[in-house]
Amino acid sequence: MTVFLILLALFGLLLIGVPVAFALGGLGLSLLIFGGFSPLMAPQAVLSTLDGFILLAVPLFLLMSNVLLKGGVGRDLYAAVQAWVGHWPGGLAVATVISCGLFAAISGSSVATAATIGTVAIPEMINRGYERRFVYGLLAAGGTLGILIPPSIPMIVYGFVTEESVIALFLAGVGPGLALLVLFSGYSMIYASMKGMGRSEKASGAERRAATLRALPSMALAAVVVAGIYSGAFTPTEAAAIGFAFAVVITAFILRTLTWKAFWEAAMDSMATTVAILLIIAGAKVFGKAITLYRIPQDISAFISEAVSSPVMFVLLVAAILVVMGLVLEALSMVLIMTPVLLPAAMGLGFDPIWFGVFMVIMVEAALITPPVGLNLYVIQAVARATLGDVARGAIPFLVLMFLCAALLYLVPDLALYIPFKL
């Protein structure tokens, strides 16, 4: 009964428009006070949370992705990939997906990926005869690769909450991220062939070389960040700082596309997003502290363990819970709220916490293209000046592919676990 009342209060606050951070923090503080606990636990929880070194990676990755966005790097990446695959059936769509994957390997942000590649790809694809809804859905879904292909801000937060290795989580995201990229590309090629949608002329060798050289600094940046993290040369936080510095050098001095005004806008956008994220993390920590003292995660975990004995049923239940939560919560809130509740039950059924983190991120990806709170839908709506209904309908086939990827991950756990633990 207590669990039901707390969840009802939380959803009630969200539905009347209270910001997520204040709904979580305010409700958590109220639970502490009415439960007879010291309200001083709230500021202590906030201070202990925001003091984490790993969280420094969040503003740094945001700075890097916003600098690259303002510096027009997405245009160069898209042109380079298009030069190589644009003449395939559905070649522009495949180029879009691969460009999203490449930018995801740099930025760690789904919104930045969708906005950066969408700005370039949407007019190009529509001018070549691709259906508008298909284009909108492709870009909204392609942007979600930003939080699965490492680096990934939600994975950083998941690792912070669970105290699991962020590097292991990043490595675990590689296989499912590539699988989703292949699924998106394969569907795009089949759909474009069936609909007879246009393809580009095959680029000449000189055009390919010129486009590749233009995009080479950005691809080198991705290689430095990824290789540095995986080799242990530097931590994810250090990688984000190095990536930001390289992004400034590339856009300001090599490509000469970043102006002082654009840099200032990138810094302000990053600051605003960072404040919003840290407020949500702080509010979620207070809420998490309160429900832990009420033993709600333990009770829910025990209930799930008793009621659901089959791993398949547990995975389906978790997927359903996260999809429903995604209707009213954004990505980080879902990770922060649901991880302490679901992870103990998952581990009790024998699921690896790294595997479970990747599974949660795939479900969070689905939430990013699920109305009414799917952020990527709004990003594409703004970039394309389209209706939300058109974007959402275009994203439905890709939502199905995400569920297919989640099923594949369950059937083949090594898709996530092979690289971090067996290579």
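At 27% relative accessibility, Thr-257 counts as partly exposed (that is, between buried, under 20% relative accessible area, and exposed, over 50%, with a 1.4 Å probe and protein chains only). Bear in mind that this is a predicted model, where local features need pLDDT of at least 70, side-chain atom pairs count only at pLDDT 80 or more, and totals for chains, interfaces and linings use all residues. Residues are numbered from 1 along each chain as its sequence is written, and side-chain values use heavy atoms, with hydrogens and water left out.

Thr-257 sits in the loop between helix H12 (236–254) and H13. Helices here are DSSP runs (H or I, at least four residues), numbered from the N terminus. Leaving aside residues up to four places away in sequence, Thr-257 touches Lys-70, Gly-71, Arg-214 and Thr-251, contact meaning heavy atoms within 4.5 Å. Take Lys-70: 187 residues separate it from Thr-257 in sequence, yet the two are 8.1 Å apart in space, C-alpha to C-alpha.

Now for helix H3 (residues 41–50), whose buried residues are Ala-42, Ala-45 and Thr-49. Looking down the H3 axis, these fall within an arc of 65°, so they line one face of the helix; the arc is taken from the directions from the helix axis to the C-beta atoms. On the other side of H3, Gln-44 and Leu-47 are exposed. The buried residues pack against helix H2 (20–34), helix H9 (153–162) and helix H13 (260–293).

Two helix pairs are set out below. Axes are lines fitted to C-alpha atoms, for helices over the stretch in contact, and angles run from 0 to 180 degrees between N-to-C directions.

| Helix pair | Angle | Axis distance |
|---|---|---|
| H3 and H13 | about 130° | 9 Å |
| H5 (residues 73–85) and H6 (residues 91–107) | about 140° | 9 Å |

H3 is therefore oblique to H13, and H5 and H6 are oblique to each other. For reference, under 35 degrees is roughly parallel, over 145 roughly antiparallel, 65 to 115 roughly perpendicular, and the rest oblique.

On the H3 side, the contact with H13 includes Met-41, Val-46 and Leu-50, and H13 brings residues including Lys-285 and Lys-289. By class, that contact has 10 nonpolar, one polar and two charged residues. The contact of H5 with H6 involves, among others, Tyr-78 and Gln-82 of H5 and Phe-103 of H6. Its classes are 11 nonpolar, four polar and no charged residues. Nonpolar covers Ala, Val, Leu, Ile, Met, Phe, Trp, Tyr, Cys and Pro; charged covers Asp, Glu, Lys and Arg; the others, Gly among them, are polar.

Methods
Helices (H or I, at least four residues) and strands (E, at least two) are DSSP runs, numbered from the N terminus.
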